[in-house]
Amino acid sequence: MTAPVLPFRIGHGYDLHRLEPPPPRGRGRRFVLAGVTFDHDRGPVGHSDGDAAYHALTDALLGALGEPDIGQLFADDDPRWDGEDSGIFLAEAVRRMHAHGYRLGNVDMTVICERPKLSPHKNSMVGNLVRHLGCDPSQVNLKGKTHEKVDAVGEGRAVEVHVVALLSRAEEAG
Ligand code: MG
């Protein structure tokens with residue numbers, strides 16, 4: 001049976017990165033979220049630049065398309081992705097979305113971290129997401145929450161991101 005061409009497809013993405021202080025005398029990892037570098041005393045542990053927002057959004061788009069997930073496409077033991085800008089993962093997911101004949105409906109993202117404060121950087125983060133997605137700012141929503149000081153996220157030892165994305169068939173949206 002031929003797979004049906006659906007007018008809409010929905011995807012969910014989730015990511016968590018451990019946050020650690022820089023090693024003694026070593027260069028610390030920069031805290032990067034949605035392509036924005038924050039001034040913070042901890043950075044994400046990860047193979048690429050550890051951008052949990054880009055990773056979760058990439059997985060939401062790939063999930064909506066029924067494609068392999070980010071870890072399957074960009075293996076975390078592949079030296080090509082060591083310290084790499086995670087925007088290239090997101091760009092690949094956007095390319096696949098268009099190749100499947102879909103375009104973005106809307107994205108809703110929730111970032112959960114105790115520190116640093118998201119609000120001063122929210123516009124820059126949304127701006128980067130919009131640029132990567134090639135959409136209007138009204139199609140991207142970003143919410144910041146804390147974890148009420150409990151568990152690893154609440155103790156500032158991790159950052160967590162949830163994303164849902166709705167895609168629509170390009171010709172029907174046009
Ligand atoms: Mg990740």
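Donors are N, O and S atoms within 2.8 Å of the metal, and since water is not among the atoms, a site may look incomplete. I keep this beside me as I read the model, which is a predicted one.

**Entry 1: the magnesium ion.** I looked up which residues donate to the magnesium ion and found Asp15 through OD, His17 through NE2 and His55 through ND1, lying 2.2 Å from the ion. Along the sequence I could write the spacing of these donor residues as D-x1-H-x37-H. Asp15 belongs to strand E1 (residues 8-20) and His55 to helix H1, so this pair ties together parts that are 40 residues apart in sequence. I then checked accessibility: Asp15 counts as buried at 15%, and His55 is buried as well, with a relative accessible area of 9%.

**Entry 2: the nonpolar core.** I turned next to the largest nonpolar core, which has 40 residues, and noted that Leu33, Leu57, Leu61, Met109 and Leu133 are those with the most contacts inside it. Several elements each supply at least two residues of this core, including strand E2 (31-33), helix H3 (87-99) and strand E7 (158-169), while the largest share, 10 residues, comes from H1. Leaving aside neighbours within four places in sequence, I listed the contacts of Leu33, among them Phe38, Ala52, Val111, Met125 and Val159.

**Entry 3: a loop residue.** Is Asp76 buried or exposed? I found Asp76 in the loop between helix H2 (70-73) and H3, and at 63% relative accessibility Asp76 counts as exposed, because the cut-off for that word is over 50%. Asp76 and Ser48 are 28 residues apart in sequence, and I read 7.8 Å between their C-alpha atoms.

How values were computed. Residues are numbered from 1 along each chain as its sequence is written. This is a predicted model: local features need pLDDT of at least 70, side-chain atom pairs count only at pLDDT 80 or more; totals for chains, interfaces and linings use all residues. Side-chain values use heavy atoms; hydrogens and water are left out. A nonpolar core is a set of buried Ala, Val, Leu, Ile, Met, Phe, Trp, Tyr and Cys residues joined through side-chain atoms within 4.5 Å. Buried means under 20% relative accessible area, exposed over 50%, partly exposed in between (1.4 Å probe, protein chains only). Helices (H or I, at least four residues) and strands (E, at least two) are DSSP runs, numbered from the N terminus. Contact means heavy atoms within 4.5 Å. Donors are N, O and S atoms within 2.8 Å of the metal (3.2 Å for Na, K and Ca); water is not among the atoms, so sites may look incomplete.
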